[in-house]
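These notebook entries record what I looked up in one structure.

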Amino acid sequence: MQVDLRESWWIRDVEIPSRLVLAPMAGVSVQAFRRQGRRYGAGLVCSEMVSCAGLEHRNERTLGYLRVARDEHPLAIQIFGSEPAVMAEAARMVVAAGADIVDINFGCPVRKVTKTGAGATLLEDPERACAIVDAVATAACVPVSVKMRRGLENGSRVCLEIGPRLVDAGAATLTLHPRSARQMYTGEADHSLTAELVQLVDVPVIASGDVTSRARAQSVLATTGAAAVMVGRAAQGNPWALSEIVDGDAGEPSRDDVAAELIVFVRETVRELGEHRASGFLKKFYGWYLGRGRFPRPFKQELVQLESTEEVVTRLLAASPGAAELVERLEAELPDPADEILLDSMPISIYGGG
Ligand SMILES: Cc1cc2nc3c(=O)[nH]c(=O)nc-3n(C[C@H](O)[C@H](O)[C@H](O)COP(=O)(O)O)c2cc1C
């Protein structure tokens with residue numbers, strides 16, 4: 001059965017214009033990543049996980065995660081924490097910042113998060129998990145989604161027990177990454193569990209894990225009955241994977257295309273994070289963009305060693321002169337920063353953070 005990935009679907013009253021969702025990824029899902037994802041066919045994009053404790057304490061860096069640009073919608077902002085009341089307050093802030101959906105993280109396997117009782121640990125504490133969903137759904141005037149793993153331990157099927165309860169508590173959609181927390185990212189995502197979950201709940205389910213091609217997306221959608229697939233690692237430095245999945249566009253991008261997308265990504269990230277944070281943050285992206293045989297390996301090493309992002313852009317333009325015109329075209333299509341809802345005016349001014 002061929003599934004049309006360009007078909008829109010709904011999370012309550014929020015229309016999602018394609019059946020591809022860009023995954024939340026800590027240290028990756030900055031605004032530039034999300035906007036690029038929308039341009040390349042993702043119907044829904046998601047922020048990285050945002051600490052509800054950080055929001056509660058008006059931590060300046062945490063508040064920075066709530067910056068939303070006009071061309072990101074529909075956008076989910078993901079929060080994590082273990083206290084229902086604090087999560088509810090975080091949800092209100094996230095909605096005020098412009099999120100169309102509040103996503104709750106019940107999947108993070110990282111010890112720093114699980115030892116606080118948040119993330120994947122909540123899969124083993126269904127009472128608390130349901131209390132969190134209930135509190136967030138009551139506080140938020142937008143749909144609430146939950147992203148979870150299969151369970152903590154290998155072979156766990158706990159997601160099938162807790163999933164329907166989370167829906168009863170108010171979740172309007174569930175995303176399942178069917179690996180255990182213990183597995184981290186090893187082994188394979190077992191989408192037979194996704195198919196079972198789809199049978200158990202009457203809300204749309206999003207399938208996350210190991211979707212890297214159009215063929216895989218089609219097969220996961222057809223065999224699970226999920227409403228959409230979520231794509232994470234395959235999109236790192238590779239937005240072309242998204243258009244291949246959604247539209248079947250074949251072919252590798254040209255060097256000029258790659259250099260142009262990377263230059264726009266660098267500039268937008270500097271605008272969002274500032275030069276100091278962005279220059280460290282961006283280094284991993286150089287490998288992601290320039291790898292896959294697109295540029296010689298020493299070129300990537302050279303970029304990583306440059307001091308400023310300005311020098312990186314100059315070097316990319318020297319190596320790929322045809323990128324200049326593409327950058328101009330791409331930047332002309334982006335909304336004028338002065339025209340965006342916030343960037344500078346929200347949410348720090350609202351919440352007095354920092
Ligand atoms: C670097 C990285 C960071 C991630 N951060 C988050 C996160 O903040 N919240 C979340 O729910 N999942 C997070 N994930 C999990 C992804 O959203 C996704 O479920 C997982 O990578 C499987 O999908 P993939 O095979 O398409 O990458 C992260 C994954 C990676 C690789």
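The entries below concern a predicted model.

**Entry 1: helix H9**

I began with helix H9, residues 214-224, and listed its buried residues: Ala217, Gln218, Val220, Leu221 and Thr224. Viewed down the axis of H9, these buried residues fall within an arc of 165°, so they line one face of the helix.

I then asked what covers the buried residues of H9. Just after H9, I recorded a positive phi of about 80° at Gly225.

**Entry 2: strand S4**

Next I turned to strand S4, residues 45-51. Six of its seven residues are buried, so S4 is largely enclosed by the rest of the structure. I looked up its pairing with strand S5, residues 75-80: the two strands run parallel and are joined by five bridges. Within this pairing, Met49 stands opposite Gln78 in S5.

**Entry 3: cysteines**

How many disulfides does the model contain? With a cut-off of 2.5 Å between cysteine sulfur atoms, I count zero disulfides. For Cys52, the closest cysteine sulfur is that of Cys108, and at 13 Å it is too far for a bond. Cys108 is likewise in no disulfide; its nearest cysteine sulfur belongs to Cys46, 13 Å away.

I also checked accessibility. Cys52 counts as buried because its relative accessibility is 4%, under the 20% limit. Cys108, at 8% relative accessibility, counts as buried as well.

**Entry 4: salt bridges**

I found 19 salt bridges in the structure, and I examined several of them individually.

Arg19 forms a salt bridge with Glu7, and their closest N and O atoms are 2.9 Å apart. This pair links distant parts of the chain, twelve residues apart: Arg19 is in the loop between strand S2 (14-16) and strand S3 (20-22), and Glu7 is in the segment before strand S1 (9-11). Is Arg19 buried or exposed? Arg19 is buried, with a relative accessible area of 13%, whereas Glu7 counts as partly exposed at 39% relative accessibility.

I next recorded the salt bridge between the side chains of Arg165 and Glu127, at 3.0 Å from N to O. Arg165 lies in helix H7 (residues 158-169) and Glu127 in helix H6 (residues 126-139), so the pair ties together parts that are 38 residues apart in sequence. Arg165 counts as partly exposed at 34% relative accessibility, and Glu127 is exposed, with a relative accessible area of 57%.

A further salt bridge joins the side chains of Asp210 and Arg233, at 3.3 Å from N to O.

Lastly, I noted one network, in which salt bridges that share partners join Arg35, Asp71 and Glu268.

Definitions and conventions:
Residues numbered from 1 in each chain as written. Predicted model: local features only at pLDDT ≥ 70, side-chain atom pairs only at ≥ 80, totals over all residues. Heavy atoms only, no water. Buried < 20%, exposed > 50% of the residue type's maximum accessible area, 1.4 Å probe, protein only. Helix = DSSP H or I, 4+ residues; strand = E, 2+ residues; numbered from the N terminus. Arc of directions from axis to C-beta. Contact = heavy atoms within 4.5 Å. Pairing = 2+ DSSP bridges. Salt bridge = Lys/Arg side-chain N within 4 Å of Asp/Glu carboxyl O.
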